Amino acid sequence: MQTFIEKSIEQIITKSLPTPSTYIILPTRRARKKWQEKYSENRKAELLPRILAISDFLENLSDIVIADQVTLLLELYQVYKKIFQENTENIQTFIYFGNTLIQDFNRIDLNIPKDKIQNFFEYLTASKAIERWGGNYITNSKQKKQVYQYFNYWEKLQIVYINYKKELEKKNIGYRGLLYQKLNKKLSITYIEKQKIDRICFIGLNQLSLSEVLIIKKLNKQIPTEFYWDIDDYLLENDQQEAGIHIKKSIKKLPNAYHKTITSNFSKRKQTIKLIETNSNIHQVKTIGQIITNRLEEIKEKSENLEDFSKKLKTTIIILPNETLLLPLLNSFSSGKYFNKPINYFLNITMGIPLSQTATFNYLTQLLNLINNKIIQKRETKILTSKIQALFSHQFIQKETQAKADELFNNAPAYTTIDNQLKSSFLQDETVQKSLGLIEKDDELLIKTLEVLETIIEKQHKTNTLEYQSLIETYKTIKSLDQKLNKIQQKIETKALIELTLKILKTTSVSLVGDPKQKIQIMGMLEARSLDFEEVYILSANEGTLPSKKQIETTIPYDIALNFGLPTYYDRDASTAYNFYRIIQRSEKITITYTDPFTSENGKEKSRYILQIKEELPNNTNKTIIEKRLTSKINISSIPVQKIKKTENLISKIKKQLEYGISPSAINLYTRNPIDFFLKYIINVNQSEERQETINNKDFGTVIHEALDKIYDNFTEKWITQEHIAEINNTNRLENLVRETIESNINGLSFEKGRNEISLEIITKLLQNYLQVIKKNAPYYIISKEKTYNATIPMQIDEIGEIKFKIIGKADLVDYANGNIRVVDYKTGKFDKPSLKAENLEEILTNYKKEKIVQLLTYKYLIYKQIQIDKIKLPDKNPNANVIPGFYFFRALKEEFQQYQIKEEPSKPLEFQAFAETFYLTFASQILNPDNLLVETIY
């Protein structure tokens, strides 16, 4: 296979032999390295031309340096504060909004002519002024203030833009759009002549911004400029194909440059394309891991030695549009060796991974949250024992320290005091010493955090490439933040500084760059530009990922962006289509995986590119298309599943947790995946959550629950009538209630426009529908709302002895009417009636899909226990009240109150309680049995 880079070298040499003053410009640094390597092989005795990535080329021509994101953000905040003064958000709220604003300014400078920018802001302000017409109808003073701030922002946005650019220019720093705009102004004839460039060859580019086009036009007037486009005739000549849109536009915009299209003969190339449907993301990575492992084993059997094996191994690329799958993918590869070399020897990663996915971020999150939650009493610092024990169980802590911590904290009280005795227990571990010092005295927080990181970096040096690089990136980010805060003299209280630090780290990625000569490459789609591989694997080929969702984080309305030529998601989709077809057009074997929308967690349809392949290519005799559907759990004996042996220490911790209290959600988590149960409830490791710019599913449920809690505020231990419900069910009243609930739960979220505004309306409507449904049940008596109940069950378990198993459950609502006590739970997820039916207790203990039954069974048991000890007060003191637990599914309110059914469940209260206790005893026996390993479950 002749690659695009090899063909471009041929074409350039054929046209004219490059000199040391010839500039070769490629889309990425990775492509630049490959081009240089191939050119050196081809023309060994010659001096190399100047070979650069396009971003480096344009930055070298300019006198402005691209600043890091922390610098750009803090500089913007200073300008924003001066302009808006008392109405300025605090910095930790500003960070997400500020990042979006910087992106918008960048898009403006890249794509709007300088003489049209004034018109753009005038148009933007005018469009917002139209919205004022409804402002006179607002009487609420809080809402009036919000409306004033909203319009004040749009009126002053241009002032922010102008002043921000001035501040950046004073310091000779900027974002890419500003750099290109300044460079465009700077490119005089004299300046271009000074660069001493005799020829410029742009290779493998696709989408050019207006600023880039204007710069290239000026260069082309003085210097011969050539373009070598990497696009097949199939994509360029087919008007139905969006993949060729940007290259067609670029050729049209640059008529005076030399243009050469390098085709791949895609339609004539013989290829095998496998389309594999899986049932989850983890199933995807395990599938690819198995395929790669099998290929390596096949080659190994046919090879004589390592050199022979390396030659036979074909160039392979694994494309990950979803970067969060990188770590699961790496874990899915075989741990076997090939001529004494592990698979990592043949592997190279060239892509970014979010810092939030790394062990470094996990450790810092635990450490800084300990500071946030510490208690100072009588000059003593106290922290939760379970949290410090979880921190000490982290992989960055020495195993000797972990063992000592377990011994020290096992029978310790709920809170641990940081004193000299505690510190002296861990003198051998400098990371622990520095961490304890930071928790105790959090002045100079960032400096001390850097000292903690230094101790970890020293231990991790060259032991784990991924974690080492994430540590370095974290260190650089925090150091930069500290320097910038000192420079602008921005004082922030400790809790706010912790929140700001973690938010900045969440928006940071680690760029992984390895050896480009390795045969198996893992990349994102953009990193693969201009590169070709014999075998291609593309994961996550679902709508919303490939291409990404039809949403761009921006403050600029879509119609205005379109009118002024700013890129929209249509432009982004066209670029993604180009990158997709470009990466597969020269390969021999292509494997594309996607998840079934009905069984996977993302619920997205298969990618349009799969549909295009199935529709357009079957008639081509050179293409073999194979479709597979893998619905069962993949069996990979060579890839170990995570297992944890139950040591005496671990059993002691589990027993302690059972006696402290277990909820239905904890039981269900154990049924679903014992390892997740272990991480969350035994060592207290929780996954970090990314802040959402739109209301997500979890937020949606939280808002509905809290709004209903507020609705029932004045009715606890009172009767509620149909008249009461009719009074509550008022659109304006409910909308204000929902708005307040959103504001109190999701800090900094804007819901004046777009999806969040729609979510507000949907939540209000759902509450109205719910109130309409329950109105017919009135009058009923409210016993409690959002109340936690518990009951302790003494148990005797073989080899463990007696334990006091505490069951806890928080009921959304407990009410009473017609001789029945109802325990009500609200569900905003999907309604699945079969999941509420089971044959026996064994089914609900082994089938995670029956988890809702566990919840209702527990509610029923707890309320009967409360009745027994006279903790439930009924208005008519009915001693024979039945307990009926159930759900209201907000997606299926027509179904009304949904109960569960276990075929073998007895109806009498005392018999039911014994029945339920059998379930809890079975669960406790299983989880405490030392012979039952905690084994990872993969669905």
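Mentor: Helices in this discussion are DSSP runs of H or I with at least four residues, numbered from the N terminus. The model under discussion is predicted.

Trainee: In which helix is Tyr570 found?

Mentor: Tyr570 contributes to a nonpolar surface patch of about 330 Å², together with Tyr558 and Leu562. The element that holds Tyr570 spans residues 569-584 and is helix α25.

Trainee: How are the rings of Tyr338 and Phe346 arranged?

Mentor: The model holds 45 aromatic pairs. In the pair of Tyr338 and Phe346, the ring centres are 6.5 Å apart and the planes meet at 75°. Planes over 60 degrees apart count as edge-to-face. The arrangement of Tyr338 and Phe346 is therefore edge-to-face.

Trainee: Are Tyr338 and Phe346 buried or exposed?

Mentor: The cut-off for a buried residue is under 20% relative accessible area. Tyr338 has a relative accessibility of 0%, and the value for Phe346 is 3%. Both residues are therefore buried.

Trainee: Over the ring of which residue does the charged end of Lys860 sit?

Mentor: Two contacts of a charge with a ring may be described here. Arg822 lies over the face of Phe897, at 4.5 Å from the ring centre. The charged end of Lys860 is 4.7 Å from the centre of its ring, which belongs to Phe912.

Trainee: How many residues apart are Glu226 and Lys15?

Mentor: Side chains of opposite charge can pair when their charged atoms come close. The model has 49 salt bridges, and Glu226 forms one with Lys15, with the closest N and O atoms 3.8 Å apart. Glu226 belongs to strand β6 (residues 225-230) and Lys15 to helix α1 (residues 4-15), so that this pair links distant parts of the chain, at a separation of 211 residues.

Trainee: Which parts of the chain hold Asp532 and Arg586?

Mentor: The side chains of Asp532 and Arg586 meet in a salt bridge, with N to O at 3.3 Å. The pair ties together parts that are 54 residues apart in sequence, because Asp532 lies in the loop between β17 (520-523) and β18 (535-538), and Arg586 in the loop between α25 and β19 (589-595). Asp532 is buried at 9% relative accessible area, and Arg586 is buried at 1%. To name the locations again, they are the loop between β17 and β18 and the loop between α25 and β19.

Trainee: By what part of a helix are Arg739 and Glu735 separated?

Mentor: Arg739 and Glu735 form a salt bridge whose closest N and O atoms are 3.5 Å apart. Arg739 is buried at 15% relative accessibility, whereas Glu735 is partly exposed at 26%. Because the two residues are four residues apart in helix α32 (residues 731-745), their separation is about one helical turn.

Trainee: Which residues does His246 touch, not counting residues up to four places away in sequence?

Mentor: His246 lies in helix α12 (residues 245-253). At 6% relative accessibility, His246 counts as buried. With residues up to four places away left out, the contacts of His246 are Asn206, Gln207, Asp571, Ala574 and Ser575.

Trainee: What is the omega of the peptide bond that joins Ala778 and Pro779?

Mentor: Most peptide bonds are trans. The bond from Leu546 to Pro547 is cis, however, and Pro547 is found in the loop between β18 and α24 (558-563). Pro779 is found in the loop between α33 (754-775) and β23 (780-797). The bond joining Ala778 and Pro779 is also cis, with an omega of about 5°.

Trainee: What is the phi of Asn818?

Mentor: Most residues other than glycine have a negative phi. Asn340, in the loop between β10 (337-338) and β11 (341-342), has a positive phi of about 65° and is exposed at 68% relative accessible area. Asn818 lies in the loop between β24 (801-817) and β25 (820-827) and is exposed at 77%. Although Asn818 is not a glycine, its phi is positive, at about 55°.

How values were computed:
Residues numbered from 1 in each chain as written. Predicted model: local features only at pLDDT ≥ 70, side-chain atom pairs only at ≥ 80, totals over all residues. Heavy atoms only, no water. Phe/Tyr/Trp six-rings, centres within 6.5 Å; stacked < 30°, edge-to-face > 60°. Buried < 20%, exposed > 50% of the residue type's maximum accessible area, 1.4 Å probe, protein only. Lys NZ or Arg CZ within 6 Å of the ring centre and 35° of its normal. Patch = residues over 30% accessible without salt bridge, like charges linked within 9 Å, V, L, I, M, F, W, Y side chains within 5 Å. Areas by Shrake-Rupley, 256 points an atom, 1.4 Å probe, with all protein chains shown as cover. Salt bridge = Lys/Arg side-chain N within 4 Å of Asp/Glu carboxyl O. Contact = heavy atoms within 4.5 Å.
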